[in-house]
Every structure is written in structure tokens, then in C-alpha cells.
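Visitor: I'd like to learn how to read a model like this one, feature by feature. Could you walk me through it?

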Amino acid sequence: MHATPAARLAAVSATLVVLAACTDESTPTPDPTPPAPTATASPACPPSGVTLTAGQVEAASGLRAMRVEMANCGSQPYTANGYPALQVLDADRKPLDVTVVRGTAQISTITGFDGPPRQVTLAPGALAAAVVVWRNTVTDANVSATTGTYLEMAPAAGQPAQVLSPEGGIDLGTTGTIATSPWVAPT
């Protein structure tokens with residue numbers, strides 16, 4: 001079936017009206033190619049050449065354990081020998097009165113992290129780990145429970161510290177004690 005000249009004219013007119021509406025100059029036209037997404041910059045490597053990252057806090061029956069990874073983000077090998085230095089901080093980043101123990105055995109045996117400290121040399125890009133443990137135990141109703149918000153941690157005593165934010169905080173109960181393993185290289 002063929003369209004009449006009047007029907008064709010009506011169809012062409014309708015098409016022109018639709019096209020005119022699409023090119024209305026009052027409506028901005030999008031750029032033909034959207035800009036490429038920019039990559040999120042990773043944190044800069046501190047002058048120490050290492051970054052510390054808190055893992056998830058694992059909790060069971062009052063025991064808390066958190067793995068902390070130390071990554072060599074520098075361009076030179078980095079040597080760690082011993083235990084990280086720790087300080088538990090409150091929400092205002094003020095130090096809390098907490099005993100820090102070297103070695104986790106007083107709180108719990110952590111397989112693979114209970115040995116004596118050994119020298120660990122990290123090539124650029126390599127990782128080492130330590131485990132921080134504590135118990136959320138209340139043994140004295142007359143003593144306020146201690147809860148920290150942040151963990152200030154350095155690869156070793158006297159080295160620059162970084163502030164970590166463990167998820168859920170550091171709920172020490174009334175024990176007032178936190179322990180750390182030495183740095184261990186993955187095997």
C-alpha cells in the first residue's frame with residue numbers, strides 16, 4: 001500500500017518537528033566523548049619507606065587479634081629486626097595508660113608469630129606482618145574498661161609512627177594490656 005502525498009508530507013513534517021526538538025539550543029548538548037576517569041592516587045610513601053596497614057580485628061571469646069602489614073613502598077631494601085612499637089590512643093588521639101607486651105604468649109599463642117624476633121629484610125614492594133592481640137575481659141567491676149580508638153605504631157622503637165584505625169576500636173576491658181608479635185616475613 002502506497003502513502004498519499006499528503007500522508008508523506010505529514011510524516012516528513014512530524015520528523016522535522018522531532019529533529020528540531022532534539023537540536024533545541026536551549027538544551028546543552030553533551031560532549032561527544034566523556035572525559036576518561038582519573039585514577040585514585042594511592043597514599044604517598046612516607047620518608048621511612050614503609051607503610052603500615054591494619055587488617056580486620058578477629059574476635060572470639062574475648063580474644064582479639066589484628067594482623068598489621070608493613071609494606072616497603074620505598075626504592076631501597078628495608079630491614080626490620082624485632083617488635084613494632086605500639087601506643088593505644090583515645091578518640092582525641094591522646095595516649096591511654098596501657099601495658100604493651102613484647103610477644104603474644106601472655107595473651108594467646110598465635111601460630112607462626114610466637115617465635116623470637118628475627119631480622120626481616122624487605123625488598124621494594126615486599127611485605128612483613130605482625131599480630132597485635134588483646135583480651136576484652138572485665139575482671140574488676142571497680143575499674144573502668146579501657147577502649148582505644150587508634151593504634152599508633154612504628155616499625156620499631158625510635159622510628160616514625162603511623163596511626164591506624166582498627167575497626168571497632170581496641171576494647172581492652174579491664175586488662176589494660178596489649179601484646180605484639182615480632183615482624184615476620186611471609187613464607
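Guide: Let's begin with a term: a salt bridge is a side-chain nitrogen of Lys or Arg within 4 Å of a carboxyl oxygen of Asp or Glu. Before we use it, note that this is a predicted model, where local features need pLDDT of at least 70, side-chain atom pairs count only at pLDDT 80 or more, and totals for chains, interfaces and linings use all residues. Residues are numbered from 1 along each chain as its sequence is written, and side-chain values use heavy atoms, with hydrogens and water left out.

Visitor: How many salt bridges does the structure hold?

Guide: Two. In one of them, the side chains of R64 and D171 meet at 2.9 Å, N to O. R64 sits in strand β2 (residues 63-72) and D171 in strand β11 (residues 170-173), so this pair ties together parts that are 107 residues apart in sequence. Strands here are DSSP runs (E, at least two residues), numbered from the N terminus. E69 forms a salt bridge with R67, and there the closest N and O atoms are 3.4 Å apart.

Visitor: Is R64 buried or exposed?

Guide: First the cut-offs: buried means under 20% relative accessible area, exposed over 50%, and partly exposed in between, with a 1.4 Å probe and protein chains only. R64 counts as buried, at 14%, and D171 is buried too, at 17%. For the other pair, E69 is partly exposed at 28%, and R67 is partly exposed at 37%.

Visitor: Now the sheet. What is the order of its strands?

Guide: The general idea is that strands of a sheet pair through backbone hydrogen bonds, either parallel or antiparallel. To count as paired, two strands need at least two bridges between them in DSSP. Here, an open sheet of five strands runs β1-β2-β7-β12-β5, with mixed pairing. Its edge strands are β1 (50-60) and β5 (99-102), each pairing on one side only. Neighbouring strands of this sheet are turned by 20° against each other on average, direction ignored; the axes are lines fitted to C-alpha atoms, and angles run from 0 to 180 degrees between N-to-C directions.

Visitor: In which sense do β5 and β12 pair?

Guide: Parallel, over four bridges, with β12 covering residues 177-180. R102 has T180 in β12 as its bridge partner.

Visitor: And which residues touch the most other members of the largest nonpolar core?

Guide: A nonpolar core is a set of buried Ala, Val, Leu, Ile, Met, Phe, Trp, Tyr and Cys residues joined through side-chain atoms within 4.5 Å. The largest one has 24 residues, and M70, L151, M153, I178 and W183 touch the most other members. Among the strands supplying at least two residues each are β1, β2 and β9 (150-154). The largest share, four residues, comes from β7. Apart from this core lies another, of 10 residues, among them L63, A65, I107 and V133.

Visitor: What is M153 in contact with?

Guide: Contact means heavy atoms within 4.5 Å. Leaving aside neighbours within four places in sequence, the partners of M153 include L52, V68, L86, V132 and W183.

Visitor: Last one: where is S61 found?

Guide: In the loop between β1 and β2. Most residues other than glycine have a negative phi. S61 has a positive phi of about 50° although it is not a glycine, and S61 counts as exposed at 79% relative accessibility. R93, in the loop between β4 and β5, also has a positive phi, near 65°, and R93 is partly exposed at 47%.
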